[in-house]
Structures are given as C-alpha cells and as structure tokens.
Amino acid sequence: INRNPGEAEFHQAVHEVLESLGPVLVKYPEFGRHKIIERICEPERQIIFRVPWMDDNNEVQINRGFRVQFNSALGPYKGGIRFHPSVYLGVVKFLGFEQIFKNGLTGMPIGGAKGGSDFDPKGKSENEIMRFCQSFMTELQRHTGEYTDVPAGDIGVGTREVGYLFGQYKRITNRYESGVLTGKGLDWGGALARTEATGYGTVYFLNEMLKARGDALEGKTCIVSGSGNVAIYAISKLQELGAKVVACSDSNGFIHDPDGLDLALVKQIKEVERRRIKEYAKQKNGARYLAKGRIWSVPCDIALPCATQNELNGKDAQELIKNGCIAVAEGANMPSTPEAVDAFLNTGIAYGPGKAANAGGVATSALEMQQNASRDVWSFEFTDKRLSEIMTGIHQRCYETAEEFGTPGNYVNGANIAGFIKVAKAMVALGLI
Ligand code: NDP
C-alpha cells in the first residue's frame, strides 16, 4: 500500500488474489524462493502520456493516457483500452493485474495489460472521437505491436474507436499489422463472434455453474446491469437459452420490464442510435425507468453485473440473496465489492468471478489474433463453438482447482489459484526477468 499510494482498486484486486494463495505457496515452495508474489504485483512497465487534441470549437484539450504492461510471461501483453472519466492509474493497474490471471486461465499464449484514458466519450462528436483516438495512438504505437502488446476495447472503446486507433497505427508505421489490435471491424481484420464473445462467454460459464449443481437456465428470471457491449450479448444468450431478462441499466438508472426485455429495441437504442437506456421505457408498454434506482433490488433468480467495478455492494448482495437469487456471474471486472463477494461465498450461491466468467472476450481476441496470423477467416459457428469449449474448460479448471485446494464450489479460489499457477510456473522457467 505504501508503494502504490492512493490506488484503492489496485489494492482491492491484489488483496483478493493474495487471499487465495496461502496453500499454493505451501505446495510450491519454489514460488516463494523466486519471489513470484512480489514480482507479479509489480508491473513490468507502466506508460503514462499526454493526449492533446483539438475539439470542435478549435480549443485544445488535454487528457492523460495510460498503458500498464503488467506481465508477459505467457505471451505478448494483451488487454483492453478504457475511455472513461474515472480512469486513473489505480483503475488501469487493477484491470491489468486481473488480466494476468484471466489470460492465464484461458490457456491461450497471452500476457496481461490494460490501458485507457480519462477522456469522456459521452457527448463528443464523431470527429472529436476520431481526433482523440488518433492522438492517443500517436503515442501508444511506440509501445504496441503484434509480438509486443495487443490492445482491444473496453468501456467506451468499441469497434468505432478500435477503427480509428488501427487507422492511425497503420498510418504511422506504414504496416497493415492486423494482429496489433483486436475487436476490429469485420471488413478490416476483425473476427466473427468477437463482439458477442464476452457476453456469450459469461452465460456459457454461468450455464456450467448451474449444470454442476444439477440446475439449468431454462425458465430463470435474470437481471443484467449495464447496457453496453457485454450486457447486450449476455442478454442475447440468456434469452436464447430460455431465461427471461427483466432489467438492465446504465450509470443513470435502470429499466424494469416484467414481460422480458425486447432485445431488438435495446440494440436499436444503444447500438444504432447511441442513446440512453431510459428511452426504452418510453417506447415499450409495461416497462418503467427508475432514475438513480438500484437494479439489484429487482427480484431475480440470477444476476449478471456487466457494467463496472464495485457496482454491487454488500447491501445489494444481501438483498439479492433475500430475494432468492441462486447465481451471480460477472461480465464486468471486479463489479462486486469484497463485502458482496463474502456474502455470496458465505451463502454458498453459485458465484462466478469476472476473471473466470468474462474471460471469453479476451480468449476470442486471441482467436482473432490466430486468424490474423494465418490470414484466415473463420465462420461465426466455428468461433462460437471454440468460445463455448474454452469457457467449459475454464469452468472445469476453476472447479477442480477449488476442490484440490480444499474449498469445493469456491470459484474465486479456483480462478485465482489456477490462473496464478500457470503464470508463476512460466515466470520461474523464464528466470529472473
Ligand atoms: P461499454 O462501454 O460497452 O458499456 C459499459 C456499460 O456500463 C454502459 O451501460 C455504462 O453506462 C455502464 N457503466 C460504465 N461505467 C459505469 C459506472 N461508473 N456506473 C454505472 N454504470 C456504468 O463497456 P463494456 O460492455 O465493454 O464493458 C463492461 C464491463 O465489462 C467492464 O467492466 C469491462 O471491463 C468488462 N469487460 C469487457 C470486455 C469486452 O470485451 N468489452 C471483456 C471483459 C470484461 P453509461 O453509458 O451510463 O456509462
């Protein structure tokens, strides 16, 4: 804490992982000898840079850009870019730290990183977004590359922004290096099913947790926070597998539609018109919008936090449990506070932490890299099948590891331990780097 002052989210993420690792250090004393814990908590490289850009009124604006290249023992750094006013070093470091273990869990050859800026895309014109992305990449390109560091999208960064980032990279380097970014558009090197992957993958993981308990998704009532990329495709897969989704949200409030969400309308409002989720209640009979309301107060069988960190606190968790919630699968990164996680684990409901449940996004990014490297294009069905197999594999690894280390059913321990062992073994093998 003294070494990284003021980085609350980073401390939280580290604490949560280290809490799982006691028995691992007993079983693998070489990890202690090689000081893996101390090394893994220290990023290999942190880059902080100025991002100057010109707004539509010809006024100069300055934002701060970040890239934290945390660990490359398993492969090139890999992790998204976030544009949101709340971004500062502590957020980027927590996300990069989580990414190390998540990427290890996928079994793919990718290291962990994260980046972003305190730039707020809300209310910006198309041209402002483009100019910002170009300025951001003008600096970032020095540090990225197919074999070095491969960024992707995250909050506030979707296909449009990845396009502007990729265009600027191509222009500066004079290289059509498709594998330098993932989450690209389908016409210029993107992979089918990448857009859907994080949301779909979270539901595949949830499905496996339910199966392990002899239960199924069919007929379950679900709530999903957020209404961005992850939330939309989680809702889509939940509905496809026979669940009813009755609520979703944004940072201003949530909508409740007891008949089940009309996903086509949600997509029209969010993906096509780029408007707020409250528009839904104006257009759909029987739906209501609750400004500033807590989505977690809506009774449900299953909750999927798919918005942002610490969006679900201890009180929310108690309310979910009281209302009969039997499972929580995290599409977002670290959405549950430590108090909420404790409540889920103590009650014994099925709880899938983000670094396992939402790993389908980065895993499919690695599949996009594979396609770029071989100049191939796979079908949606083929990629989706790979994604589903990867999520089943991650679930199994977490499940078995939790059992092996004496905490059956605890996916937090399962994910932390399995991800850590994979990376730690590679760090030992590569020597003191
Ligand atoms: P988007 O930008 O597409 O959507 C984010 C959604 O979350 C929006 O509805 C947004 O509402 C809401 N949100 C953001 N910040 C807050 C906040 N402070 N309070 C309440 N709601 C908020 O991002 P994604 O869907 O891509 O990302 C969502 C989560 O999933 C993040 O935690 C991300 O790290 C994680 N994730 C994403 C992956 C991906 O492939 N995209 C992969 C793995 C994890 P509003 O419009 O009001 O801001």
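Trainee: Which strands does helix H6 lie across?
Mentor: In this predicted model, H6, residues 126–140, lies across S1, S2 and strand S4 (112–117). The helix runs at about 145° to S1.

Trainee: What sheet do those strands sit in, and what is the strand order?
Mentor: They belong to an open sheet of five strands with mixed pairing, in the order S1-S2-S4-S3-S5.

Trainee: Which strands stand at the edges?
Mentor: S1 (45–54) and S5 (149–152) do. Each has a single partner strand, so one side of each has no neighbour in the sheet.

Trainee: And the twist, how many degrees on average?
Mentor: From one strand to the next, the twist averages 20°.

Trainee: Back to S1. In which sense does S1 pair with S2, parallel or antiparallel?
Mentor: Antiparallel, over ten bridges, with S2 covering residues 60–71.

Trainee: What holds paired strands together in general?
Mentor: Strands of a sheet pair through backbone hydrogen bonds, and they can do so parallel or antiparallel.

Trainee: New topic, domains. Where are they?
Mentor: The domain assignment gives domain 1 as 30–190 and domain 2 as 195–352. Their C-alpha centres lie 27 Å apart.

Trainee: How many residues are in contact between the two?
Mentor: Five residues of domain 1 are in contact with five of domain 2. On the domain 1 side, three of the touching residues are nonpolar, one is polar and one is charged.

Trainee: Where does the ligand lie, and why say so?
Mentor: The ligand lies between domain 1 and domain 2, because both domains give residues to the shell around it.

Trainee: Which residues come nearest to the ligand?
Mentor: Of the 23 residues around the ligand, the nearest are Gly228, Asp250, Ser251, Ala332 and Gly361. By class, the shell divides into six nonpolar, 14 polar and three charged residues.

Trainee: Which element gives the largest share of that shell?
Mentor: Helix H9, residues 229–240, with three residues.

Trainee: Last one, H16 and H17. At what angle do they pack?
Mentor: H16 (residues 380–404) and H17 (residues 411–429) pack at about 100°, and their axes are 7 Å apart. The two helices are therefore roughly perpendicular to each other.

Trainee: Which residues meet there?
Mentor: From H16, Arg397, Cys398, Tyr399, Thr401 and Ala402. They meet Tyr411, Asn413, Gly414, Ala415, Ile417 and Ala418 of H17. That contact has seven nonpolar residues, three polar and one charged.

Conventions:
Residues numbered from 1 in each chain as written. Predicted model: local features only at pLDDT ≥ 70, side-chain atom pairs only at ≥ 80, totals over all residues. Pairing = 2+ DSSP bridges. Helix = DSSP H or I, 4+ residues; strand = E, 2+ residues; numbered from the N terminus. Axes fitted to C-alpha atoms, helices over the stretch in contact; angles between N-to-C directions. Contact = placed C-beta atoms within 7 Å. Near = placed C-beta within 6 Å. Nonpolar A, V, L, I, M, F, W, Y, C, P; charged D, E, K, R; others polar. Domains from an automatic or database assignment. Parallel < 35°, antiparallel > 145°, perpendicular 65-115°, else oblique.
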